Amino acid sequence: DHLPRTILRRRGHRHPTRARHLPPDAILGKRWVNFDAEVSADGQTLYAVDSRFSAAGAPLTADLFIARKRDGAFERTADSDNLLRLVNTTELEYAPAVSSDGLELFFTRVHEIRAEAEPRIWRSVRRSVREPFAAPQLVSAISGFAEAPALSPDGLSLHYHARVNSRFVIFRVTREPKAGEVHLNGCPQPTRKPSPPARRPAPPS
């Protein structure tokens, strides 16, 4: 008898009900987890992931959400689902990276976690922090297995890690300073593009 004993308490009751054994799947089974937290440059907004994990430790679902600081703590915003309605899908979205002005969002998307999966990095933009992000597009300068983008404060460099010959390597793509904007899905998209298109390893620190 080595199973943990779980105490059940009914809502509104001061005293617990009798203890009983629960099977391992009920104790260690599908749980909701938050991870991949990204805090805005001004420290007032949190971007993170809602995910349901299996007992084996693999994410079954993953969607981004937004929280804002209030009285020293982050609280999920009432409009979070609306702001990200074109970003979150039935696939797994995680690892958000947000520009310093909050108008550009990079993240990772993959259909499911499996050995042969190839997560990709996507980009979405908006005109105002009060507006929803537009339908995202793949970052064309990045191909193959790539995830966990990190945007530089000036917005000109994007770091990420890629899988190369069974190893994870950090790469960087860059773009020129913004020279103008065009509209994409109703939101502005800088005309600058990552250059050069080829991936290159980040310099040693």
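Two strands are taken to pair if DSSP finds at least two bridges between them. With that in hand, here is a set of close-up views of a predicted model.

**View 1. Strands β4 and β5 pair in the antiparallel sense over nine bridges.**

**View 2. F35 and F53 meet as one of three aromatic pairs.** A pair of aromatic rings is described by the distance of the centres and the angle of the planes. Here the ring centres of F35 and F53 are 5.9 Å apart and the planes stand at 85 degrees; because planes over 60 degrees apart count as edge-to-face, this pair is edge-to-face. F35 belongs to strand β3 (residues 31–39) and F53 to strand β4 (residues 45–53), so the pair links distant parts of the chain, 18 residues apart. How does F35 count at 23% relative accessibility? F35 counts as partly exposed, while F53, at 19%, counts as buried. The cut-off for buried is under 20%, which is why F53 falls on the buried side with its 19%.

**View 3. Y160 and F171 form a stacked aromatic pair.** The centres of these two rings are 6.0 Å apart, with 25 degrees between the planes. Y160 comes from strand β12 (residues 157–164) and F171 from strand β13 (residues 167–174), so the pair ties together parts 11 residues apart in sequence. Both Y160 and F171 are buried.

**View 4. Two arginines lie over aromatic rings.** In one case, the charged end of R76 sits over the ring of F65, 3.8 Å from the ring centre. In the other, R109 lies over the face of W122, at 4.5 Å from the ring centre.

**View 5. The largest nonpolar core holds 18 residues.** Which of its members touch the most others? They are L64, L84, V87, Y94, L105, F107 and F133. Strands β4, β5 (59–70), β7 (92–98) and β8 (104–110) are the elements that give two or more residues to this core. The largest share, four residues, comes from β7. For a closer look at one member, follow L84: leaving aside neighbours within four places in sequence, L84 is in contact with L64, F65, I66, L105 and F133. A second, separate core has 14 residues, including V139, A141, Y160 and V173.

**View 6. Strand β9 (residues 120–125) is largely enclosed by the rest of the structure.** Why is this strand described as largely enclosed? Five of the six residues of β9 are buried. On the β8 side, β8 and β9 pair in the antiparallel sense over six bridges, and T108 has I121 of β9 as its bridge partner. Strand β9 is also joined by two bridges to strand β10 (residues 137–138), again in an antiparallel arrangement. In that pairing, W122 has L138 of β10 as its bridge partner. W122 is also the residue whose ring face has R109 lying over it.

**View 7. G144 lies in the loop between β10 and β11 (146–151).** Is G144 buried or partly exposed? At 24% relative accessibility, G144 counts as partly exposed. Not counting residues up to four places away in sequence, G144 touches E118, P119 and R120. A117 is 27 residues from G144 in sequence, and their C-alpha atoms are 9.7 Å apart in space.

**View 8. Stepping back, the protein chain has two helices and 16 strands.** Of its 205 residues, 39% count as buried. Among contacts in the chain with a separation of 6 or more, residues 24 or more positions apart account for 39%.

Definitions and conventions. Residues are numbered from 1 along each chain as its sequence is written. This is a predicted model: local features need pLDDT of at least 70, side-chain atom pairs count only at pLDDT 80 or more; totals for chains, interfaces and linings use all residues. Side-chain values use heavy atoms; hydrogens and water are left out. Rings of Phe, Tyr and Trp (its six-membered ring) pair if their centres lie within 6.5 Å; planes under 30 degrees apart count as stacked, over 60 as edge-to-face and the rest as tilted. Buried means under 20% relative accessible area, exposed over 50%, partly exposed in between (1.4 Å probe, protein chains only). A charge sits over a ring if NZ of Lys or CZ of Arg is within 6 Å of the ring centre and within 35 degrees of the ring normal. A nonpolar core is a set of buried Ala, Val, Leu, Ile, Met, Phe, Trp, Tyr and Cys residues joined through side-chain atoms within 4.5 Å. Contact means heavy atoms within 4.5 Å.
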